[in-house]
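Please keep the 3D view open while you read.

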Amino acid sequence: MDLLNTLVEKGLRRETPTREEALAVLATSDDELLDVVAAAGKVRRAWFGRRVKLNYLVNLKSGLCPEDCSYCSQRLGSTSGILKYTWLKPEQAAAAAGAGVAGGAKRVCLVASGRGPTDRDVERVSQTIAAIKEEHQDVEICACLGLLSDGQAERLKDAGANAYNHNLNTSEATYGDITTTHTYADRVSTVRQAQAAGMSACSGLIAGMGESDEDLVDVVFSLRELDPDSVPVNFLIPIEGTPLAGDWNLTPQRCLRILAMVRFVCPDVEVRLAGGREIHLRTLQPLALNLANSIFLGDYLTTEGQAGKDDLAMIADAGFEVEGTDTTTLPAHRADAAAAGCGGHGGEGGGCGPCGDAAPADAVPGEAVPARAAAGATVAAPAGTRESHADLVAVRRRGAGTDLPPNA
Ligand code: SF4
């Protein structure tokens, strides 16, 4: 296909595809799917070889959030029956992080529910970072605490945070359909604050919330402009007790097309296969390793992932290798820019929650579809028409906040 040859050449040159090319990837047929994966796989291997970076989530504070993100089981009014607990002590968080590191993780993601941290919360997280780094000097720490106030990004950086996650989640046009308590602009602002403070920015999306192809391309192009170093791609986990619990719109094939499109638009960025991979890609998970160069090991924030040992077996069986701490994840041009303190962001400096724990599904039958979809944009499938795999969704009952060992 001329399209795929063009996209590979652009990916190898770090050149942005056109919107039409990105949309065309999402519109490819199932007959073309393996060609799409192979083409995007060339770009992935050019920048990241066959390495897979493992990341480990530690939910520092679970549930009881005053925000109303529709996809999130920790939201205001959620009846999801998830674990609810306040801040873990630094030593508790360090123990959970240690399990992830022992399982092969080189980055630990410290996540807390809430709109954003107080200065006292930043101090707690700083103590937690110190406790983890005392045991594991080489581990990368990513903080994910929600919207930041002035000075907080700098304090986290000074405390040893290497990265900050705050996801854009969906297009600016549909943002108000999924969350009303904060804005898309708030999220962009926090990513920029993290970049300005010299932290590596992590910002991604959630697919499967009833968005159109145009919305997906919009958010991925916005991410390219924002230029984070890592882009987690979440597939909505439709958790019972959230407004999107009935939204089963994704197929394994669509998930692969979305990942391929993200790889073509963000060729040299750490693309992370995040929440929802087990329930939406199912037996096609290994194919996604040709597109993403990073995954979460083990469990998510409020739901359980597949066993950590199965993650490792999948990586080995598919012919990939776990990235060690002696290897720099990012290509040299990007890593050098970060080390120079400019981050490659032209002088500009992601939310909490769905860092690996997206809970959305396509719109419930009979409910209004998002405005953009209703306006005639291309939609993957009529809302809620895909087969439910709710039996594959398990609320997390082990690890942080429990007496049971974590899955890593
Ligand atoms: S995503 Fe974050 S801000 Fe939104 S409801 Fe969940 S925990 Fe709260």
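1. Start with Arg 272. This residue counts as buried, because 28 C-beta neighbours lie inside 10 Å. The cut-offs are these: buried means 20 or more other C-beta atoms within 10 Å, exposed means 12 or fewer, and partly exposed lies in between; C-beta atoms are placed from the backbone. Arg 272 sits in strand β8 (residues 270-273). Helices (H or I, at least four residues) and strands (E, at least two) are DSSP runs, numbered from the N terminus.

2. What does Arg 272 touch, leaving aside neighbours within four places in sequence? Its contacts are Asn 55, Gly 204, Ser 230, Val 231, Pro 232, Val 233, Ala 292, Ser 294 and Ile 295. A contact means that two C-beta atoms, placed from the backbone, lie within 7 Å.

3. A word on the model. It is predicted: local features need pLDDT of at least 70, side-chain atom pairs count only at pLDDT 80 or more, and totals for chains, interfaces and linings use all residues. Residues are numbered from 1 along each chain as its sequence is written.

4. UniProt, in an unreviewed entry, gives the feature "binding site" at Cys 109, Cys 142, Cys 202 and Arg 272. These residues span 164 residues in sequence, yet no two of their C-alpha atoms are more than 13.6 Å apart, so they gather at one spot. UniProt positions use the numbering used here, feature names are shortened, and annotations may be inferred rather than shown by experiment. Cys 202 lies in strand β5 (residues 200-202). Cys 202 is buried, with 30 other C-beta atoms within 10 Å.

5. UniProt also lists Cys 65, Cys 69 and Cys 72 under "binding site" (unreviewed entry). Cys 65 is in the loop between β1 and α4. Cys 72 is found in the loop between β1 and α4 too. Cys 65 is buried, with 23 other C-beta atoms within 10 Å. Cys 72 is buried as well, with 34 C-beta neighbours inside 10 Å.

6. Is Leu 76 buried or exposed? Leu 76 is exposed, because 12 other C-beta atoms lie within 10 Å. Its place is the loop between β1 (51-61) and α4 (90-102). Leaving out residues up to four places away in sequence, Leu 76 touches Cys 65, Pro 66, Glu 67 and Asp 68. The C-alpha atoms of Leu 76 and Gly 63 are separated by 8.5 Å, and the two residues are 13 apart along the chain.

7. Now the whole protein. It has 15 helices and ten strands. Buried residues make up 57% of its 408 residues. The largest nonpolar core has 107 residues, and those with the most contacts inside it are Val 58, Leu 110, Tyr 164, Val 233 and Leu 259. Helix α10 (residues 252-265) gives this core its largest share, nine residues. A nonpolar core is a set of buried Ala, Val, Leu, Ile, Met, Phe, Trp, Tyr and Cys residues joined through C-beta atoms within 7 Å. In soluble globular proteins, nonpolar side chains tend to be buried together.

8. Last, a helix pair. The axes of helix α5 (residues 119-135) and helix α6 (residues 152-159) come within 9 Å and cross at roughly 20 degrees. Axes are lines fitted to C-alpha atoms, for helices over the stretch in contact, and angles run from 0 to 180 degrees between N-to-C directions. α5 and α6 are therefore roughly parallel to each other. Angles under 35 degrees count as roughly parallel, over 145 as roughly antiparallel, 65 to 115 as roughly perpendicular and the rest as oblique.
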